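Please keep the sequence and the coordinates at hand while reading.

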Amino acid sequence: MTHDEYEQRTRRLEEELRAGQTALATVPEIFDRNDVCRALGYEPDRGSLYRTFQELKAENVIAIRQNGSGKWPTHYRKTSPSVATADG
């Protein structure tokens, strides 16, 4: 990977992280990836979304409420009071 490719990838991941944080303001307190995709208006790359969730978990913005299995998605909950909900 060249330096330019690395910078492009880093910029894209940062943009996706910001978009994910913005989408969190419109999803319910308990949510799954489908809620986030609806809030974004598109379905991002699965790996990118996973990395975004990992980053948000590391920052204590979200936490896993229930692990997914098979066809059932993982459910997350908001933990940061700075993440406003759509109805509050």
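**Sheet, core and pocket in a predicted model**

Strands E2 and E3, the latter covering residues 75–78, pair in the antiparallel sense over 4 bridges. The model is a predicted one, and the points below are grouped by topic.

**The sheet and the helix packed on it**

- The pairing of E2 with E3 belongs to an open sheet of 3 strands, which has the order E1-E3-E2 and antiparallel pairing.
- The edge strands of this sheet are E1, at 30–31, and E2, at 62–66, each of which pairs on one side only.
- His 75 in E3 is the bridge partner of Gln 66.
- Helix H3 packs on the sheet and touches E1, E2 and E3, and its direction makes about 110° with that of E2.

**The nonpolar core**

- The largest nonpolar core has 12 residues, among them Ala 23, Leu 24, Val 27, Phe 31, Val 36 and Cys 37, and its members also include Leu 49, Phe 53, Leu 56, Val 61, Ile 62 and Tyr 76.
- At least two residues of this core are supplied by each of helix H1 (3–24), helix H2 (33–40) and helix H3 (46–58), and the largest share, 3 residues, comes from H3.
- In general terms, nonpolar side chains tend to be buried together in soluble globular proteins.

**Tyr 76 and its surroundings**

- Tyr 76, a member of the largest nonpolar core, is in contact with Glu 29, Ile 30, Phe 31, Phe 53, Lys 57, Ile 62, Ala 63, Ile 64 and Arg 65, when its neighbours within four places in sequence are left aside.

**Asn 60 in the loop between H3 and E2**

- Asn 60 lies in the loop between H3 and E2, and it has a positive phi of about 60° although it is not a glycine.
- Asn 60 counts as exposed because its relative accessibility is 57%, and the cut-off for that class is over 50%.

**The largest pocket**

- About 240 Å³ of space lies in the largest pocket, which is lined by 14 residues.
- Of these lining residues, Arg 33, Arg 46, Pro 73, Thr 74 and Tyr 76 lie nearest the centre of the pocket.
- H2 and H3 each supply at least two residues of the lining, and the largest share of the lining, 4 residues, comes from H3.

Technical notes
Residues numbered from 1 in each chain as written. Predicted model: local features only at pLDDT ≥ 70, side-chain atom pairs only at ≥ 80, totals over all residues. Heavy atoms only, no water. Core = buried A, V, L, I, M, F, W, Y, C linked by side-chain atoms within 4.5 Å. Buried < 20%, exposed > 50% of the residue type's maximum accessible area, 1.4 Å probe, protein only. Contact = heavy atoms within 4.5 Å. Pairing = 2+ DSSP bridges. Axes fitted to C-alpha atoms, helices over the stretch in contact; angles between N-to-C directions. 1 Å grid on protein atoms, 1.4 Å probe; cavity = no way out; pocket = protein on both sides within 12 Å on 5 of 7 lines; lining within 4 Å. Points joined across faces, edges and corners; volume = space filled by probe spheres on them.
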